[in-house]
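Visitor: Could you take me through this structure? I would like to begin with the whole chain and then go into detail.

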Amino acid sequence: MSDIKDALDRIHYWFKKNHPAKIVSLASGLSPLEIDNLFSGLSFQVSEEVREIYQWSNGYPIEKCADDWIFDYMFLLSLESGVKEAQTWVEEHEEIALMYKYAGKPVLPICMSDIEFLAVVATDEEQTTSAVIHISEIVEISLRYTNLTAMMLTMAESYETGGLFISPKGYIEKDEKKYAAAYRKYNSGIINLALERFLKIFPEDSSWQTVELLHNDLYMSNSYGIEIPLSSLKIKVVNTLLNLLQDEKYDSGFSVVLVLEELRAVDALIQGLQHPSKWVRSRAAFALGKIKAFEAVEFVSQLLEDPDPMVQEAVKEALEMFRNQR
């Protein structure tokens, strides 16, 4: 039995034992032939994981918007509805269609709640898994899980340990600490996915939105306590961001500093202390205090006499954080 099939069965067993009404209307699975026929309507390939989930259950049609959520706060979208939605996204006006892509690749929605989706990214032939992304109601795309298997394993363990539970009102809620433990266990590779996406799309789009996408992904990962080890990917991203910070034509240095903070890029943040922009200098100082970069105390202290009062105030806050963290 595959890991994803095992995780799905564990989720089903938990609901059958604790909240059977939530799964009573869950559709039966599709046959491999039925899945192949529906996939023929896609202009791209998806991972084997998608086949496995739809052999387990075909979820609900999009128009019913079922309240029987079992995948966090979303319900499983029927494959018919998912394919139809994906076709709509691909066929939309070019600017809209680009919003429904991940690093240039189209996506297939798997789960839905109102007008939010969890979707899988199209795969190349050699890929067996692909990232799960979240698409918000304002069409912002961010990483959510390393792949579908990681998503289901995270949820299965969370239900079993109390990281996810059903409230008295019937809603799925989280114990953040327990959920984070399960998330870290199965999604440790999500940082590299975020860094790879940035390096792939940055040469074509060096706007602040691209930097903001990376910040959002890293912020989520850090919120779950996933460490960012030193790697060639991290070094490449930090060097790219440092070049941006030193580019006088680039006017979103503040966004760059936020990403450097999430990356714990101490040397780059120290360089940010000398930036012409008061916004960059103040945030760099604050970031160094926040991430406990004690080796930077001397450099931060030098800005106590910065000509801008806002920078001086940020430096005082940073030094206070250093004192409280010792």
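**The chain and its parts**

Guide: Of the 326 residues in the protein chain, 52% are buried, where buried means under 20% relative accessible area, exposed over 50%, and partly exposed in between (1.4 Å probe, protein chains only). This is a predicted model, in which local features need pLDDT of at least 70, side-chain atom pairs count only at pLDDT 80 or more, and totals for chains, interfaces and linings use all residues. Residues are numbered from 1 along each chain as its sequence is written, and side-chain values use heavy atoms, with hydrogens and water left out.

Visitor: How many helices and strands does the protein chain have?

Guide: The protein chain has 15 helices and 8 strands. Helices (H or I, at least four residues) and strands (E, at least two) are DSSP runs, numbered from the N terminus. Along the principal axes, the C-alpha atoms fill a box of roughly 70 × 45 × 30 Å.

Visitor: And what share of the contacts comes from residues 24 or more positions apart?

Guide: Such residues account for 60% of the contacts with a separation of 6 or more. Contact means heavy atoms within 4.5 Å.

Visitor: Let us turn to helix α7. Which of its residues are buried?

Guide: In α7, residues 176-186, the buried residues are Y179, A180, A182 and Y183. They lie on the same side of α7, because they cover an arc of only 165 degrees around the axis. The arc is that of the directions from the helix axis to the C-beta atoms. K177 and K185, on the other side of α7, are exposed.

Visitor: What do the buried residues of α7 pack against?

Guide: They pack against β6 (141-145), α6 (148-161), β7 (164-166), β8 (172-174), α8 (190-201) and α9 (208-223).

Visitor: Which residues are buried in helix α3?

Guide: In α3, residues 48-56, they are E49, V50, I53, Y54 and W56. Seen down the axis, the buried residues of α3 fall within an arc of 150 degrees, so they line one face of the helix.

Visitor: Now the rings. How many aromatic pairs are found in the whole structure?

Guide: The search finds 12 aromatic pairs. Rings of Phe, Tyr and Trp (its six-membered ring) pair if their centres lie within 6.5 Å; planes under 30 degrees apart count as stacked, over 60 as edge-to-face and the rest as tilted. Among the pairs are W14 and F15, whose ring centres are 5.0 Å apart with the planes at 80 degrees, so this pair is edge-to-face. Both W14 and F15 are buried.

Visitor: What about W89 and F117?

Guide: W89 and F117 form an edge-to-face pair, at 5.2 Å centre to centre and 85 degrees between the planes. This pair links distant parts of the chain, with W89 in helix α4 (residues 79-91) and F117 in strand β4 (residues 116-121), 28 residues apart. W89 and F117 are both buried.

Visitor: Where does Y179 come into this?

Guide: Y179 forms one aromatic cluster with Y145, Y183 and Y224. The charged end of K174 sits over the ring of Y179, 4.2 Å from its centre. A charge sits over a ring if NZ of Lys or CZ of Arg is within 6 Å of the ring centre and within 35 degrees of the ring normal.

Visitor: Some single residues next. Where is N187, and is N187 buried or exposed?

Guide: N187 is in the loop between α7 and α8. Its relative accessible area is 0%, so N187 is buried. Leaving aside residues up to four places away in sequence, N187 touches Y145, T146, A150, T154 and I226.
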